[in-house]
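Open the model in your viewer and keep the selection tool ready. The tour goes from one selection to the next.

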Amino acid sequence: MFSQIGQLIFDNEAVAKTQDFTMGLEIEMQRVDENGNISQEPYPSAIGDEKTNPWITNDFLETMSETVTPSAQHALDAMHYLYVINNSLRSALAPGELLWPLSMPPRLPKDKRKLRLAKMGPEKEAYLKEWAKRHGYSQGTPCGAHINLSIDQHVIALVQKHFPGKFKDEREVRNYLYTILAQGFVRYRWFITYLFGASPITEVNYFENGQGPQHPLRSIRQSKYGFGTKFTGDFTNLDRYIARIEKGVKDGVLTSDYEFHGSVRFKGNRNLKDLPKNGIEYLELRMLDLDPSSSVGIRTGTLRFIRLLASYFIMHPALNEEEVNDILKNADKMNEVVAEEDPRENCKYQATARALVKSLERYANQIQLGPEYAEVLEDLEDRVENPLTTPSAKLLNYVKDGSLTEYALRRAKRYQVAAQESINPFKGFEDGKIYSSDELRKALSR
């Protein structure tokens, strides 16, 4: 059953446009040496200035590289941009340096103060120091893949035109549609954690004195043991989202609104207070672990699946405003259960996962999405039925003496060699040129 908006989109043959999300990717990876220790090398000079290059920057630690792509209309274009920028970073690394392919960090020094915080200018560095004091260094080290999603303008214009009584301007349409999307992704985050969780164990010194879990998990990064600030957002609507974060800052739970690191974030104005002025412009999804089976940390099939989910959420009825908070609180609990399960065991919510895959298959058939989406769904259905085919369970086959270091270094070296064999790597950042999105798109397409 489509919602009213879904039916409108369907009747106007605009369903394909709900697939046309503009996507940008942000992928974090730690720089390490050949033995699997955090690198001691400085930020690579051949990729410009870390404070000003917005496309290859660093996050929390000086060694935590983040590659950012310009937005792309198609999943394949986004992957192409990511591949070229990732190769550009790899070709700039010091001899012997590698990019660690796992979400959980390599072995950390016993004295965490030896870790170098990112050099991001005085204001950001003061924030990072305060953050490390509150949460500990380990909590800032897990890496992930973030996806920025924005809805096709055609869909927004169509909804605005046909529902003049419901929305007074384009901004209200955007806020409404992005809120539906955010609710969908928070509600089914547990499902994404099950399918793509890839952080079953930690390396030495991540936890102090046996504080960690007693068995491998589906996703340490997505569990209470993972990334720092445990603060949940309110996704009822934009006003409540902002009010909740501001209250977190006022109560001292968050050092600043920047510290809200929820699994989903509304994005638009850089300043949270100004977000209502122009409205939500895109969503940032932050719930994916790095996929070590890909040199760039994420696969095209995963992007297709995220697009399919987003399209499905837009086309189907929204949650009732009175119930949103309870449903999403319960969803957070479900995610914690799934993240902390042994990856080799069946998921507690296997029956629900099975039903969800069936609904997505039915939807993909209804709108005739084509074989590449059918293949993705078949692969994911297999993961639901057989937990041993999930990324975390597969990783456990490579654990040696309680560590994934040998596996991670083997992968890292293979990806590094492949990047070095690239005949014509992108060297456009070397002279410190700051590219706009359009300029970088052109340069990368060449």
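Start with L181. Beyond its neighbours within four places in sequence, L181 is in contact (heavy atoms within 4.5 Å) with F21, I151, L283, A310, F313 and I314.

Two notes before moving on. This is a predicted model, in which local features need pLDDT of at least 70 and side-chain atom pairs pLDDT 80 or more, while totals for chains, interfaces and linings use all residues. Residues are numbered from 1 along each chain as its sequence is written, and side-chain values use heavy atoms, leaving out hydrogens and water.

**The cores**

Now select I147, L181, F185, F191, Y241 and F305. They have the most contacts inside the largest nonpolar core, which has 128 residues. Such a core is a set of buried Ala, Val, Leu, Ile, Met, Phe, Trp, Tyr and Cys residues joined through side-chain atoms within 4.5 Å. Buried means under 20% relative accessible area, exposed over 50%, and partly exposed in between (1.4 Å probe, protein chains only). Helix α10, residues 300–315, gives the most to this core: 10 residues. Helices (H or I, at least four residues) and strands (E, at least two) are DSSP runs, numbered from the N terminus.

Another core, of 13 residues, lies apart from the largest one; V32, Y407, A408 and L409 are among them.

**Salt bridges**

The structure holds 28 salt bridges. Each has a side-chain nitrogen of Lys or Arg within 4 Å of a carboxyl oxygen of Asp or Glu.

Select E97 and R31. Their closest N and O atoms are 2.6 Å apart. E97 is in the loop between α3 (75–92) and β4 (98–99), R31 in strand β1 (residues 22–32); 66 residues separate the two. Buried or exposed? Both E97 and R31 are buried.

Next, K224 and E340. This salt bridge is 2.8 Å, N to O. The pair links distant parts of the chain, 116 residues apart. K224 is partly exposed, at 45% relative accessible area.

Then pick K277 and D274, a salt bridge at 3.9 Å, N to O. K277 counts as exposed, at 55% relative accessibility. D274, at 26%, counts as partly exposed. Finally, select R265, K267, E284 and R286: salt bridges that share partners join them into one network.

**The cavity**

Last stop: L102, S103, M104, P105, A198, S199, P200, I201, T202, E203, L395 and L404. These residues line the largest cavity. The lining divides into eight nonpolar, three polar and one charged.

Technical notes
On a 1 Å grid over the protein atoms alone, a cavity is a set of points where a 1.4 Å probe fits but cannot get out, and a pocket is an open set with protein on both sides within 12 Å along at least five of seven lines; lining residues have an atom within 4 Å of a point. Ala, Val, Leu, Ile, Met, Phe, Trp, Tyr, Cys and Pro count as nonpolar, Asp, Glu, Lys and Arg as charged, and the others, Gly among them, as polar.
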